Amino acid sequence: MDRLSSRDAMTAQPLLPANAGRRRFLTLATALLGAVGTAYVIVPLVESLEPDASVKAAAATTVALSPIEPGMQVTVPWQSKPLIVVHRTPEMLATLQAVETLLRDPNCEVPQQPPECKNRFRSLKPQWLVMVRVCTHLCCTPLYEPRKGSVGPRWLGGFHCPCHGSLYDLSGRVFKGVPAPRNMAIPLYHFSEDEKQVAVTAMYPESKLC
Amino acid sequence: MGRLTAWVDRRFPFSVLVRTSMTEYYAPKNFNFWYFFGSLALLVFATQIISGILLLAHYQPSAKAAFNSVQSIMYDVKWGWLVRYIHTTGASLFFVVIYLHMLRGYLYGSFKRPRELLWLIGVALYVCLMGEAYFGYVLPFGNMSYWGGQVITSIIAAIPYVGGWLASVLRGSFGVGTPTLTRFVAFHAVLLPALLAVLILTHLLALHEVGSNNPDGVEIREHLDARGQPVDGIPFHPYYTVKDMFGVGVFLVVFCAIVFYAPTFHGLFIETYNFSPANPLKTPPEITPAWYLAPYYAMLRAVPNKAVGIGILFAAIIAPFLLPWLDHNPVKSSRYRPVYRWMVIVFVLTLVALGWIGMQPAIPALLPPARILLALYFLFFLSLPIVSRLEPTRPVPERISAS
Amino acid sequence: MIARLAALLLAVIAVHAAAQTPPLVAPPVAFNRATIRRGAQWFAQYCLSCHSVKWIRYDRLTRDLGFSKDAVRQQLMFPSGAHLARGMVPTLSAKDATAWFGVAPPDLTLEARLRGGAWIYTYLRSFYFDPTRPSGWNNRLFPNAAMPNVLAPISGVENAKGRLIQRGRLTPKQADQVIGAITVWLEYTSDPSKLERERLGPYALGFVVLFAVVAYLMKRAYWRDVS
């Protein structure tokens, strides 16, 4: 057999090899297996970038309640965000009803809190406010201003964002006429049996931060 | 598809590259088993880059945190064990593949004219790979990492004049600690991979310029057909791409078997003492190097003088660079050089034996054999200029013999 | 005189008997989930009050070994009320431990990797009563070990010559099963991926073998025209 024609059989397109169908099938099969195998490797490799178990273990935090005196607050870092626990006095709780006509969402229709906290106090127990202290406007940390008249002459107490002036009441409900669109977020939490500490476990999935 | 290719081709030589390096790059038709390892090295390099990036996403380069962050990869990171075992297995198999690839060069005289530069780039790649492996070896900061780091930087420190300064630059501190780890990450994850990538590209460019050698050691470009293509050549694509796919398949079987059933490979791929954290006050009871560096370690221990030992070590690494100019025989392949063939076999056995000795505890009984083997190693290079001129050769065929 | 010589001889023999390191014996149990589960329970009962296995988070035992969360809480968690997502760490502080034992009991997560299962199994079976030691215990494999023989209540007490001088709660054979299970548990903690590797290994290997075979057939189909 002369070499030229065998060369043509190898390289030139128009002259199909005798087993073209078998070649095409096996090439396709190899390519398919290669693609499936690659996919099966890529999935675990990419999943290795997910937050690891130590991050998940640190996702929950507990805050001791006994050191927080009435009217005082404690803010702790939680999931890289400030978490505030406020011990509200009966007087402070009384202001919540007084400001309701001035609020954007007084009845907490926007799911910024778990259903069990969809009430005026936005909490499981009226005196304890457990809240992610992040302004819904642009993620600043609002100042805690419980004293009457401290922000304005008619101020009854609440949160005041230093960045763009958004105002919230003592339940973290946003006032009308400020840049922030929503109430501040209430996470999922529960009290220990002796009620000496609160365990904060996760963000409420439907709530939005900012 | 055709229009897209045309669009790209007007702006980038895509089709030209595919033609010149794949479909119209003619390779000898008689490649055998030894010719799988070039493309496999490329595959392992890619694997190491990908798994390395993922490890780097979790690794913390500090004396306090490094060991724990590696354990966190093993215990806390989802699929972390898989990523790390791929990386450790890949590291060792990289050397397996490279050693077989280099041995092919010895067997078939692939370092000879006109492939001297191709060979030099290849040996440079090997030296870079040793550096890459060493820096990576220190990063987990187990006790073997720590003492390996100490010993090698001490070897550097023994280089006359500049050694002390060089070692201090490597360590970045009085000993091996956080400053060492931070720069070793920079070397291991950025500098040397970049260098390796450039060298690999240069290696491939040089290869495609001179063409591949083959087991017969005859130049296929000396016999061209009417179209100006080598008669005994076949296009790299599809013939060698499909053949290499099969090679990849077999390689992956070995790779998976190790990753899933023997990831530490009895302490060879992940050293046992590296499961305890770095301890500057306690040398592991048996301090042995990684298997792929063990022959050099055996040479170092065989010499009873520090400066001479380190000199020998560097000489042993440099010797392969000189191969193209030590071998004067015009016949390339060991198939037609029976004496040279035996020399290569003895040389390989010497390296294996030296490697075995290098991984044994430092006992005096092993000194005499280590010294004999050391002499044999250098004898290969020193005798080659004479042997290659005098050895009898078998007749070399004009063209590749039909297999 | 003769009595003194005899005493000296005995002492030398005793020293020799004590100095002889026993050969390493592999644990007589299989590496599987059931054994590891048993080992975990014994470990929690006898070892976890001093030794941590800090890289093992309690909740991974539910996934890896099939324990229910309640079983982990009731049988393994020590001290009770530790966090499910956190590692297995005892309340004993390293400072107290150093005061009691002279050295802090090491974390055992990686011990089986470092020393091997056979070493751990042999070590745990090599304790003997030695009134000269502050703890009252010595070890043939690891002379002057600071650790007391916490397993004595189940395995019994041996003297320096290896004779049982006080029987334990279990027969020697049963006790070996317990020690073997603890060893296998520590082999698991040293590389929990082993269970998953052994589960996935056959699939991965089968797949790449299939790939190699198909690739080989493809190669052969193309190489038909190379003479």
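**Entry 1. Chain B against chain C**

I started with polar contacts: across the interface of chain B and chain C the rule finds nine residue pairs, both residues of each at pLDDT 80 or more. I note here that the model is a predicted one.

Next I asked which elements of chain B supply at least two residues each to the side that touches chain C. They are α4 (66-75), α5 (80-108) and α10 (236-261). I then looked up which of them gives the most, and α10(B) does, with 17 residues. Sorted by class, this side of chain B has 26 nonpolar, seven polar and three charged residues.

I looked up the contact itself: 36 residues of chain B are in contact with 34 residues of chain C. The area buried between these two chains is about 3100 Å², and carbon and sulfur atoms give 73% of it. I noted B:Tyr75, B:Phe260 and B:Phe275, which supply 23% of the area that chain B buries against chain C, more than any other three residues.

For salt bridges across the interface of chain B and chain C, the rule finds one. I checked C:Arg57 and B:Asp76, whose side chains meet in a salt bridge at 2.7 Å, N to O.

**Entry 2. Chain B against chain A**

I turned to the other contact of chain B, which takes 22 residues from chain B and 13 residues from chain A. About 1700 Å² is buried between chain B and chain A, with 61% of that area from carbon and sulfur atoms. In chain B, the residues that lose the most area to chain A are B:Leu54, B:Asp76 and B:Lys78, together 27% of what that side buries. B:Asp76 was already in my notes for its salt bridge with C:Arg57.

I looked up A:Glu50 and B:Lys78, which form a salt bridge with their closest N and O atoms 3.6 Å apart. Polar contacts across the interface of chain B and chain A come to three residue pairs, both residues at pLDDT 80 or more.

On the side of chain B that touches chain A, the elements giving two or more residues are α3 (37-56), α5 and β2 (233-235) of chain B. By class I have 14 nonpolar, three polar and five charged residues on that side.

**Entry 3. Salt bridges within chains**

Over all chains the structure holds 25 salt bridges. I picked B:Lys29 and B:Asp232, whose closest N and O atoms are 3.8 Å apart. Which parts of the chain does this pair link? B:Lys29 is in the loop between β1 (26-28) and α3 of chain B, and B:Asp232 is in the loop between α9 (178-210) and β2 of chain B, 203 residues apart. Are the two partners buried or exposed? B:Lys29 counts as buried because its relative accessibility is 19%, under the 20% limit. B:Asp232 is buried at 4%.

I also looked up B:Glu391 and B:Arg337, whose side chains meet in a salt bridge at 2.7 Å, N to O. This pair links distant parts of the chain too: B:Glu391 lies in the segment after α15 (367-390), and B:Arg337 in the loop between α13 (323-326) and α14 (338-358), 54 residues apart. Both B:Glu391 and B:Arg337 are buried.

In chain C I noted the salt bridge of C:Arg197 with C:Asp191, the closest N and O atoms being 2.5 Å apart. C:Arg197 is buried at 5% relative accessible area, and C:Asp191 counts as buried at 6%. In chain A, a network of salt bridges links A:Glu100, A:Arg120, A:Asp169 and A:Arg173.

**Entry 4. Aromatic pairs**

The count of aromatic pairs over all chains comes to 50. I looked up B:Trp291 and B:Tyr292, an edge-to-face pair at 5.6 Å centre to centre with 80° between the planes. B:Trp291 counts as buried at 19% relative accessibility, and B:Tyr292 is buried at 8%. The rings of B:Tyr377 and B:Phe378 have their centres 5.2 Å apart and their planes at 80°, so this pair is edge-to-face. B:Tyr377 and B:Phe378 are both buried. Both belong to one aromatic cluster, whose members include B:Tyr106, B:Trp119, B:Tyr340 and B:Phe381.

**Entry 5. B:Thr23**

Last, I looked at B:Thr23, which is placed in helix α2 (residues 14-23) of chain B. B:Thr23 counts as partly exposed, at 27% relative accessibility. From B:Thr23 to B:Pro238 I noted 215 residues in sequence and 7.0 Å in space, C-alpha to C-alpha. Not counting residues up to four places away in sequence, B:Thr23 touches B:Val18, B:Pro235 and B:His237.

Terms used. Residues numbered from 1 in each chain as written. Chains lettered and ligands numbered in written order. Predicted model: local features only at pLDDT ≥ 70, side-chain atom pairs only at ≥ 80, totals over all residues. Heavy atoms only, no water. Contact = heavy atoms within 4.5 Å. Buried area = accessible area lost by both parts, 1.4 Å probe. Salt bridge = Lys/Arg side-chain N within 4 Å of Asp/Glu carboxyl O. Polar contact = N/O pair within 3.5 Å; in protein donor to acceptor, adjacent residues only side chain to side chain. Helix = DSSP H or I, 4+ residues; strand = E, 2+ residues; numbered from the N terminus. Nonpolar A, V, L, I, M, F, W, Y, C, P; charged D, E, K, R; others polar. Phe/Tyr/Trp six-rings, centres within 6.5 Å; stacked < 30°, edge-to-face > 60°. Buried < 20%, exposed > 50% of the residue type's maximum accessible area, 1.4 Å probe, protein only.
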